[in-house]
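Student: I have a new model to look at, and I'd like to learn how to read it. Can we go through it together?

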Amino acid sequence: MKPSLLSIPAAFRYWIYLTAVLVTLQAPALLAQEHEDDHDDHEDVVKLSAAELEEFGIVVTEAGPATMVRVLDLPGEIQANDNHLAHIVPRFAGIVIDVKARVGDEVTAGQVLAIIESDGSLSSYEMKTLISGTIIDKHITLGEAVSRENGAFIVADLSTVWVDITVYQRDIPSVAIGQKVFVSGGQGLPEVTGKISYVSPVVEEETRTSLARVELPNPDGAWRPGTFITAKIIVENFAVTVAIPRTALQMMDGKDVVFVETGEGFIPREVKLGRSGKDRVEIVSGLSPGEKYVSVGGFTLKAELAKESFGGGHNH
Amino acid sequence: MLERLIDFSLKNRLLMIVGAVLLMAAGLFSYRQLPVDAFPDVSPNLVQVFTLTEGLAPEEIEKYVTYPVEGAMTGLPGVETIRSVSNFGLSVVNVYFEDGTDIYFARQIVGERLQEARDRIPEGFGDPEMGPISTGMGQVLFYYLDDTTGKYSLEELRSIQDWLIKFHLQTVPGVTEVLGIGGYEKQYHVEIRPDQLLRFDLTLEEVIERVRANNLNVGAQFIEKNSEEFIVRSVGLATGMEDLRSIVIKTRDGTPVFLDDVAHIGIGGAVRRGLQTRNGTGEVVAGQVIKLFGTNSSTVIGRIEEKLVEINKILPEGVRIVPYYQQKSLVQAAVSTVVDALLQGVLLVALVLLIFMGGLRPSIVVSLSLPFSVLFAFLLMGRFGLSANLMSLGGLAVAIGMMVDGTIVMVENVDRRLRLAGPGDSRLKVISRACREVGRPILFAITIIILVFVPLFTLQGVEGKTFRPLAYTVAMAMFGSLIFALFLAPVLTSLFMRTGKSGAGGTAPQEPRMVRWLQVPYRPMVGFFVRRRWAAVVLSVVLLGVGALIFPRLGSEFSPQLREGTIVVRLTMAPSISLTEIKKTTLTVERRLLAIPEIREVISRIGRGEVGAHTDPINSAEIFVILHPKSEWRVAGGQEEIEEIIREELGNVPGVLVNLTQPIAMTVDELLEGVRAELAVKIFGDNLDVLKEVAAETAALIQEVPGAADVQVDQVSGAPQLLIRVDRQAIARYGVNVADVQEVIRAAVGGVVAGQIYEDIRRFDILVRYVPEARDSVESIRNVLIATPDGARVPLDDLASIEEIIGPRQITRENNQRFISIQCNVVGRDIGSFVAEAQELIDDSSILPAGYLATWGGQFRLQQEANKRLAVVVPLILLFIFLLLFGNFNSLRNSVLILMNIPLALVGGVVALWLTGQNLSVPASVGFIALFGIALENGMVLVTYLNQLLREGVPIAEASIQGACQRIRPVLMTAITTALGLLPLLFSSGTGSEVQRPLATVVIGGLVTSTILTLLVLPAFYKWFTVKEER
């Protein structure tokens, strides 16, 4: 009679079960992790079907040469052309007995603008404009005593005006005579082109800016002195073997890459950037002409490659 | 003592009945007050502190906002962990309190310290605020605005949401927050043209100052006039665009320069960090209603619905609120699943009683224990603040069969005694004797059942919060059933049951027909085993062998996923993604989803709207999937099958990580922010770059340790920045301060709020910034002009270096230190030794610079802790059970015999799991635990009676057979009632049934083997374990 012998396996098993049960009580959600196993097989290659490219708005373009421009955007102001400007002053001090012109009047050279009675001779003389043009300023009133110190009229020939462009210190080296400039004044004014005819040899002390000037024909007087304008100076104009739009560039691990289409799919290729234009940038190395690359939507491809790492911090 | 109590109740029958009725009434009342939820709330006990600082990068947020807030929160009583995330424009500090801390207390102390934090945050860097008084279960209703007319702009719709709907919904009792998302918050935009500033020789600051200074109402006390007081007020608030346009910025020679001259003024949308799209077509405006912590979900949702009807009436023609996610359906579904199971269980149990008891009267007495126990449990639930939900009500459903057990034994014995009693015996005396006979075993048996559930009370974390309510209600209901069995059943039997038919005299007592039928095949069987004990041994060993064979084949999972009935497709994209891009991609995915025939509608939430219960980053989109009715699906089945279809047909989305989840699970996961991998190494330290480097090196080292799998370093960087570094030499030449430069950058590029426009009570910001073309590219930012003191204008480029870098996407901190975590799973080896090896490797390699610290945590840590806890609790409980058994039988042998019941019961559970293809999971384990109790109880019933027969002088072999035959009724009845009580859970396919099913499977399967054991093997073994001294 050894009852205890019988109970041994039973008791033993019982403990095995009990332990097993208790362990599973705390079993972690291991299964949740299992789907993350297979991320070795796609080494930086993204495969997408034509339909997917279309669906996600990814555009593939052939790399090729381009002419690029470098443009400076600078503020400026329309000024009367100093070379065609005349200050008309009374020859002798006296009393104004007649004013024949107003601001805005078109005058021709030799036209009488006012009649003044000289203090010294008490005889009257005519004040005549020296040039043809428009009266842009007038400081003379009937009956007023004028002297040689007061300018009476300013007459400007507005058939050409000056565009005085403010050039900041950093841009001074780039600006040179002969560069093409697009001038736009906004507010209904057309955009016109001109050439830089003068670059100031000094930097103004107060504003630390220099000056570049374009002489602009102004036949219908649309460009009024005092108007603020924006000038786009084409400072450089060059042809490159490969240029791509900036939208094609992606940053990966701190490097500039472009997604290139290969037989296997799209691969990110590091590129070396050269000079850059407004929207395009020169590729010095990394992309040869004729290769197909992703010009729009590279972000989606970059994200696809980095997908595995998105989970961190937001895992489910 | 117990006897005296039973006698007392028998003597004061009226008192007992009245007491019982009162108790039940109180239980009913308490039930009506119980908060009803879908699931137990597993959200951690935390208070969130949000600080919104538009436009600040993670580094600045951390430095100026997160750090002071964290500092203020340290040292609060009951705080477990402080974790923070500094994101672009948003700081979130999570203060985790110990479980059980009162949330209002926690909020109060956080609120007090918040004041301190506010003082330390620099002016203009945001105001920290506590999150809503809610939990992960709080998001009860989401809706969007449907504009059928198509004539309202997104700004207008958002204004309707923010100033009409929100205001009305917030007044609903139980609603703590309404968050708007989507569309644009209306703003008055003053977009400055920099060339005009140049023309009029103005600076940006001057303009902002002017806007501020021309928009104010003031009061000037009052004057007395003819005995009356006249209040003096001056009205100068801008009321609209006209007023803004005519603000005079400067006067030159008497000619005013109006704001209109230098800026474009219009209505626009505020900068946003999230939006909402629908059906792949475009944006919508939406809102989310958050429920107050601890309120009754179903009541609150009901009130919200009523309010929505009212609001719909006052909305402009053609605009209407359409709810697209409602927790109501989930709550209803979950509760109805268990309530159905409960009711069906009650019916089945009552039916079994009727068949086995062979009479209506005893059946009624036994059945009455059900409502009593359940209502008693409700009463206690009310007292302890448990909510009625899937798990707590599930506990009652699980316990239904067990609740009647005590009373069955009691009533059965009374029945038997009454039948045996002669006509002259006093009824009360007979009943009293019968009750006293079984009172003790009943007390012990039920206590044991309650005790086996105690280890569940010690569960922590999510599984604790999920399964503790079940354990609690089981214990409560069993306690109620104990009271009923011991004190009310005697009273009721005395009132209801008749004495045996007089005249039966010496003939054998009348067993119900059913029982007699059962005894016909049973008697020879038990006789066979009692005579050939080794056969019984063989049977047990075979059964155990089967169990041992199958057990390792069982799969294992943590807990079956609760099906919420709503599918959310969660998209995670690159951290650097722009809102425009994610919107485009999400719309594409939406269109793909809509192509799946089962899907009727999709609506997506991208990023975050108003800050509150939802603070997703901009690279995350959640698509709520609204399905067609089940009848239109191509597949039969439930959520799982549909998820499979979605997964398949959605396919790979380039650049997007797709996860299928559910609304509540998603929110709770976010709050937990836990590490899901087995092992997580956290590297703490100060310098982000060093941290990143160290983490990468550590990961490489861990990778080399045998058994390492899925090693992954947290991706902390990835947010591109345009870093503007002010050149101190350059600004010195021009005499400009750093702040002057920064102020211009902030205002020109980011924008500055220069007051508000009031439209009645609606308030809209006036945002001053440059026109888009002057600030929306690196080139244009380089050209932003800075005014120097001597009047010169210098482009920013001359004063600062501007570079594009990749910065941190977020900075995470724990307990006041920055950290990066490395997650890893361990395959094919013991995790303890793995950690030891890895730790040694890292210590030896000395890759950790001074001041850097590595901690080892993860799921394995939780497991270890739980195992440690259970290693103490389980033996204690077993010891306690053993003591109870010993106390009952006064015999070591008897007690061992009964404990032997357990393994055989487990075999049945294991086999049942295997047959139904289910895994070993937490609910299955809970089933095993319940099985312990039931098996022990059955054994006790039988052994007690055998002992009794033995005492009466019946020889052992004869006693074994006779006793077994006579007790077949209570043993079978308790087993069958328990099994049938669970049957509805087994076959239910309702919401939440997936959690209850493994439990029911285990118990029902186990009951089969356990009953076989009790009825066949136990009588056979009885001889070896009997109390010899008696002979």
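Student: In chain A, where is confidence lowest, and where is it highest?

Tutor: This is a predicted model, in which local features need pLDDT of at least 70 and side-chain atom pairs 80 or more, while totals for chains, interfaces and linings use all residues. Residues are numbered from 1 along each chain as written, with chains lettered from A and ligands numbered from 1 in written order. pLDDT is the predictor's confidence in each residue, from 0 to 100. In chain A, helix α1 (residues 3-25) is lowest, with a mean of 43, and strand β13 (residues 192-199) is highest, at 92. Helices (H or I, at least four residues) and strands (E, at least two) are DSSP runs, numbered from the N terminus.

Student: What does chain A average?

Tutor: A pLDDT of 80, and 84% of its residues score at least 70.

Student: What is the strand order in the open sheet of four strands?

Tutor: Strands pair if DSSP finds at least two bridges between them. Here the order is β7-β6-β4-β9 in chain A, with antiparallel pairing. At the edges sit β7 (124-128) and β9 (145-146) of chain A, each pairing on one side only.

Student: How many bridges link β6(A) and β7(A)?

Tutor: Five, in the antiparallel sense. Look for A114(A), whose bridge partner in β7(A) is M127(A).

Student: Which residues does M478(B) touch, leaving out those up to four places away in sequence?

Tutor: Contact means C-beta atoms, placed from the backbone, within 7 Å. For M478(B), the partners include A399(B), M402(B) and I446(B).

How values were computed. Contact = placed C-beta atoms within 7 Å.
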